[in-house]
Amino acid sequence: MTANDYIRSLFVKEDEVQKSIEQGLTERNMPQISVPPEVGQTLYLLAKISGAKKILEIGALGGYSSIWLAKALPLDGKLISLELKQEHADFAIENIQKAGLDQKVSLLVGDASEILDRLEKNGEKFDFFFIDADKLNFVHYVEKAIQLSKPGAIITLDNLLLGGRILDEADQNPAPTAVRQVNQMIAQDPRLESMLLTIGDGLGIARVKE
Ligand code: SAM
């Protein structure tokens, strides 16, 4: 048993819908790239501890992380999740409904950058963000999240270790380069205070200063 298996088996409390999503993704030939359960539980706790009432997620896939985030919201809370692919959004909505969380969640289908511009124009503000879509836009998504944030908002991001590829400076491919840039940004931007947890594939947590 690894330390991760131990943590997962002892601390993670998935419901039946969450447990079924992995198989549902396989049956639909969708990628198995949901966050691992221990990252889901961590996102849930972070959202709950921060008292988040309005959450923005970028990248829904089958709704696995959406369910963790929506569960952390109070009854009058709201999660807006952005997803490029209609078939992913349809499966996410199905799972969110099965979990009884559809009152709290809106899935917006389309390119995240365009939807973020729209949300900004409409004056929307959020107190918690989870960024888990196309890596090449991560810096842009963090910049947009800062524009859309209430003071003290939390921005979380997945895959900031990229399977260890970011440590290999010889690997100058677009994905590790983009992830190194976003790590640099959240570590050094004076508007943020941040940490990178070595849980899962690297979970970034940044707080937007008042
Ligand atoms: N957060 C999900 C979870 O843990 O259950 C996994 C999300 S998966 C890693 C990334 C998702 O982002 C995919 O479903 C993909 O279709 C979506 N995506 C990729 N590029 C996007 C874009 N430009 N705008 C919105 N969604 C995008």
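Mentor: A crossover is right-handed if, with the strands pointing away from the viewer, the path from the first strand over the helix to the second runs clockwise. Strand 1 (residues 54–58), helix 4 (residues 64–71) and strand 2 (residues 78–83) form such a right-handed β-α-β unit (DSSP runs numbered from the N terminus: helices are H or I, at least four residues; strands are E, at least two). The model is predicted: local features need pLDDT of at least 70 and side-chain atom pairs 80 or more, while totals for chains, interfaces and linings use all residues. Numbering starts from 1 along each chain as its sequence is written, and side-chain values use heavy atoms, without hydrogens and water.

Strands 1 and 2 pair in parallel over five bridges (pairing takes at least two DSSP bridges), with Lys54 opposite Lys78. On strand 2, five of the six residues are buried (under 20% relative accessible area with a 1.4 Å probe, protein chains only; over 50% is exposed, in between partly exposed). Strand 2 also runs parallel to strand 3 (residues 105–109), again through five bridges, and Leu82 faces Leu108 there. With helix 5 (residues 86–98) between them, strands 2 and 3 make another right-handed β-α-β unit.

Back in helix 4, Tyr64 and Trp68 are four residues apart, so about one helical turn separates them. Tyr64 is buried at 4% relative accessible area, and Trp68 is buried at 2%. The charged end of Lys71 sits over the Trp68 ring, 5.7 Å from its centre (the cut-offs, for NZ of Lys or CZ of Arg, are within 6 Å of the ring centre and within 35 degrees of the ring normal).
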